[in-house]
Amino acid sequence: MNTVLKIAALSGLVFCQTTLLGAPLYKKPKLPVETRVEDLLSRMTLHEKVMQLNQYVHGTNMNLHNIGKIDDHYPLEAGSYIYYSQDPKMRNDLQKRVLKETRLGIPAVFAHDVTHGFRTIYPMPLAQAASGNPELVEKVCAMAASESRLSGTDWTFSPMLDVARDPRWGRITETFGEDPYMNSIFGVATVKGYQGNDLSSPEHMAACLKHFVGYGATQGGRDYRQTDISDNDLWNVHLVPFKACVDAGAATLMSAFNDINGVPSTANRHTLTEILRDRWNFNGVTISDWASVSQLKDYQSTASTYAEAAVQSLLAGVDIDMCSGCYSSTLDSLVNAGVIPIKRIDDAVRSVLRLKFRLGLFERPYTPEISRDKRLMTPWNLSIAEKMAEESMVLLKNDQNVLPLSHKKIAVIGPAATDKRAMYGEWFSHGDIDDATSLLDGIMQEFKGVAEVMYAKGCDFDGEERSGFAEAIKTAAEADVVILCMGERGNWSCENNSRAEIAIPGIQRELIKEFKNSGKPLVLALTSGRPVNLSDIEPVVDAIIEVWQPGIRGGNALGGILSGRVNPSGKLPVTFPRTPAQIPLYYGIRRGARFSPHGDYKDIPSTPLYEFGHGLSYSTFEYGEITADKTQFKQNDELTLSVEVRNTSDRDGAEIIHWYISDPVSSTVRPIKELKHFEKKYIKSGDRQVFTFKINPLRDLSILDKNGNVIIEPGDFIVSVKDKTIRLSLE
Ligand code: BGC
């Protein structure tokens with residue numbers, strides 16, 4: 001058929017579709033998404049397709065690492081924006097122009113980093129993992145989704161699933177800690193909370209799994225560095241949470257900054273296509289990290305031009321170029337020159353259109369403009385934020401049961417007491433620190449009418465200024481107990497904020513030591529986004545509460561724990577080393593060639609200060625023996641293990657129990673123990689609860705080989721909970 005005839009035939013088809021059958025197929029909401037995607041794709045020019053694969057910014061970026069600006073010259077055909085406003089109107093105005101002024105009127109999708117709340121700020125993800133309560137995390141994320149979507153954000157760049165085993169790395173606070181299973185469980189809870197059952201609901205948004213993959217293994221805990229990851233670790237550690245969240249239906253995924261063994265994650269066809277698309281059947285959107293396409297030329301230098309960078313990234317499997325402009329400036333000509341096959345462009349555009357249809361943007365491109373008080377910081381949302389903060393704090397030490405307090409005069413000392421910024425951490429989206437209850441305010445509210453609360457700052461987070469010491473010492477002298485609110489500033493962790501020493505700065509430690517011989521009980525309320533080196537402080541204080549970066553209601557939560565109104569229940573999702581010289585130090589190491597202490601450092605201890613899973617309660621719990629419905633089994637059987645836990649104290653409390661497996665004989669060297677299940681239950685004083693672990697052998701006892709294939713080997717397995725163990729035998 002000649003070209004004129006083809007055009008005539010095509011326009012005839014379009015005429016049929018639009019005129020005889022009513023609206024074009026893609027505009028018919030009742031048709032399956034895939035039909036709509038194909039119909040729309042068939043109508044798009046190459047340039048329109050290419051523009052769907054670019055993300056720009058709208059509004060002013062608050063993230064210092066990626067400064068963006070208000071841009072008045074948007075290419076209106078752009079597929080998506082990072083939206084830096086909490087006002088739906090600004091988004092709607094832009095969307096109106098997109099719909100009216102572009103040929104096909106394909107709605108734009110608006111994204112933002114909502115990582116621990118939009119306006120209502122919850123504890124950082126690392127703290128959330130300490131709660132042992134994925135159901136609560138799901139609620140928190142559903143709240144965050146509602147605030148976001150109703151304010152114009154359809155898509156968040158969260159959850160972060162990088163398994164992080166180096167507390168020096170600033171971004172450890174954005175993760176769910178050091179364990180792949182824990183990252184999986186909290187990752188899935190986060191995805192479910194954001195996305196709900198229906199992405200098109202006006203109160204849910206799309207999740208984005210990041211950073212694919214291995215970013216948490218960045219060398220030396222520095223940010224943006226290389227990673228060298230064995231196939232064993234790739235499959236059994238770093239990919240694990242991503243697989244779980246892909247299976248849970250996450251809509252999008254972001255490639256990482258790091259390279260793995262020399263291949264940049266943003267140009268890694270093996271991970272982005274062979275694993276993610278071909279093996280896992282992911283059909284969502286893949287997006288680069290901020291400018292990680294241009295960095296292939298600018299820094300990692302696997303490309304010598306931006307066009308080459310675009311080719312490497314797109315052909316590896318990255319659909320959208322976040323803010324580097326490489327795709328928009330090169331893809332049209334690369335396709336015309338035959339360097340990039342149109343099929344790859346079409347597949348990438350399909351993913352983007354699919355997301356937009358799933359989000360319901362063709363039916364409801366605008367965000368309803370409802371008043372702020374109806375969408376932000378509702379009382380229910382604030383109460384969830386408080387509960388999350390209560391459950392995420394970890395009681396690390398409580399000598400002589402100094403807590404809960406029964407003292408009548410309480411001195412609160414330290415820079416973190418009034419510093420609300422320390423409570424928000426980073427990436428706090430549209431949070432306003434003035435909304436937060438400071439630690440001091442929380443303590444004052446809690447003890448109002450019960451005890452006298454006095455405050456002296458004493459010193460700043462860092463620096464040399466000691467002029468406040470005298471007043472702090474005087475204030476402490478008048479009190480019966482001293483609460484030291486100390487630790488890290490809010491911006492000392494997160495992206496590009498790695499720290500080598502991970503100690504509280506010297507000035508705060510000096511002040512703490514001033515109270516050493518005061519005879520007063522000392523309680524450290526520690527603000528931090530990472531495990532902290534407490535080597536010289538831990539012996540000085542009687543009690544330590546890891547407060548983390550607890551969000552908007554952190555002060556209320558701390559007050560509740562100090563008074564005993566709240567019984568602490570958090571457990572560490574990450575190991576606290578005694579000194580940074582021990583790093584890397586995490587529980588899931590593989591069996592060594594000789595038994596510890598052989599091979600350990602001779603000049604420092606080999607044990608952590610606080611191990612993964614550590615966390616005290618005001619209650620005491622007694623564990624029974626583990627029982628099993630069978631101990632001999634075949635690989636397709638299901639087994640149920642149980643353990644009874646008794647609350648032997650006079651206080652109601654919650655206990656999180658961790659179930660570990662170990663494989664005493666295996667063809668590859670496996671970790672000494674591996675977390676496979678955890679559960680939190682409330683147990684009334686004097687009462688008991690039965691915890692169960694249903695073992696699916698293929699899922700829970702296997703390991704993946706270097707190609708990602710499941711290996712399960714007959715023989716014995718040991719399952720343990722605390723100091724209780726049971727031996728099982730696979731035929
Ligand atoms: C971070 C991502 C983030 C992106 C967009 C990057 O610098 O690595 O985690 O989602 O910026 O703000």
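Analyst: Begin with a term for helix pairs. A crossing is right-handed if the near helix is turned clockwise from the far one by less than a right angle, and left-handed if anticlockwise. Keep in mind that this is a predicted model.

User: What is the handedness of the crossing of α6 and α7?

Analyst: The crossing of α6 and α7 is right-handed. Helix α6 spans residues 134-149 and packs against α7 at an angle of about 35°. Their axes are 7 Å apart.

User: Which residues of α6 and α7 make the contact?

Analyst: On α6, they are P134, V137, E138, C141, A142, A144 and A145. On α7, they are I185, F186, A189, T190, K192, G193 and Y194. By class, the contact has 10 nonpolar, two polar and two charged residues.

User: What else does helix α7 lie across?

Analyst: Helix α7, residues 180-195, lies across strands β21 (653-662) and β22. It runs at about 55° to β22.

User: Now for sheets. How do strands of a sheet pair?

Analyst: Strands pair through backbone hydrogen bonds, either parallel or antiparallel. Now take the sheet that contains β22. Five strands form an open sheet in the order β19-β27-β26-β21-β22, and the pairing is mixed. The edge strands are β19 (632-633) and β22 (674-683), each pairing on one side only.

User: In which sense do β19 and β27 pair?

Analyst: They pair in the parallel sense, over two bridges. Strand β27 covers residues 724-730. Look for Q632, which stands opposite S729 in β27.

User: What is the strand order in the open sheet of six strands?

Analyst: The order is β11-β16-β15-β14-β12-β13, again with mixed pairing. Its edge strands are β11 (394-398) and β13 (452-456). The twist averages 20° from one strand to the next.

User: Which residue in β14 does V412 stand opposite?

Analyst: V412 stands opposite I483. Strands β12 (residues 409-413) and β14 (residues 481-487) pair in the parallel sense over four bridges.

User: Which strands of the sheet does helix α19 touch?

Analyst: Helix α19 (residues 469-477) touches β12, β13 and β14. Its direction makes about 165° with that of β13. Helix α21 (residues 554-563) also packs on the sheet, touching β14, β15 (522-527) and β16 (543-546). The direction of α21 makes about 150° with that of β16.

User: Is R103 buried or exposed?

Analyst: R103 has a relative accessible area of 56%, so it counts as exposed, because exposed means over 50%.

User: How far apart are the closest N and O atoms of E538 and K397?

Analyst: They are 3.3 Å apart, and the two residues form a salt bridge. E538 lies in the loop between β15 and β16, and K397 in strand β11, so the pair ties together parts that are 141 residues apart in sequence. E538 and K397 are both buried.

Conventions:
Residues are numbered from 1 along each chain as its sequence is written. This is a predicted model: local features need pLDDT of at least 70, side-chain atom pairs count only at pLDDT 80 or more; totals for chains, interfaces and linings use all residues. Side-chain values use heavy atoms; hydrogens and water are left out. Two strands pair if DSSP finds at least two bridges between them. Axes are lines fitted to C-alpha atoms, for helices over the stretch in contact, and angles run from 0 to 180 degrees between N-to-C directions. Contact means heavy atoms within 4.5 Å. Ala, Val, Leu, Ile, Met, Phe, Trp, Tyr, Cys and Pro count as nonpolar, Asp, Glu, Lys and Arg as charged, and the others, Gly among them, as polar. Buried means under 20% relative accessible area, exposed over 50%, partly exposed in between (1.4 Å probe, protein chains only). A salt bridge is a side-chain nitrogen of Lys or Arg within 4 Å of a carboxyl oxygen of Asp or Glu.
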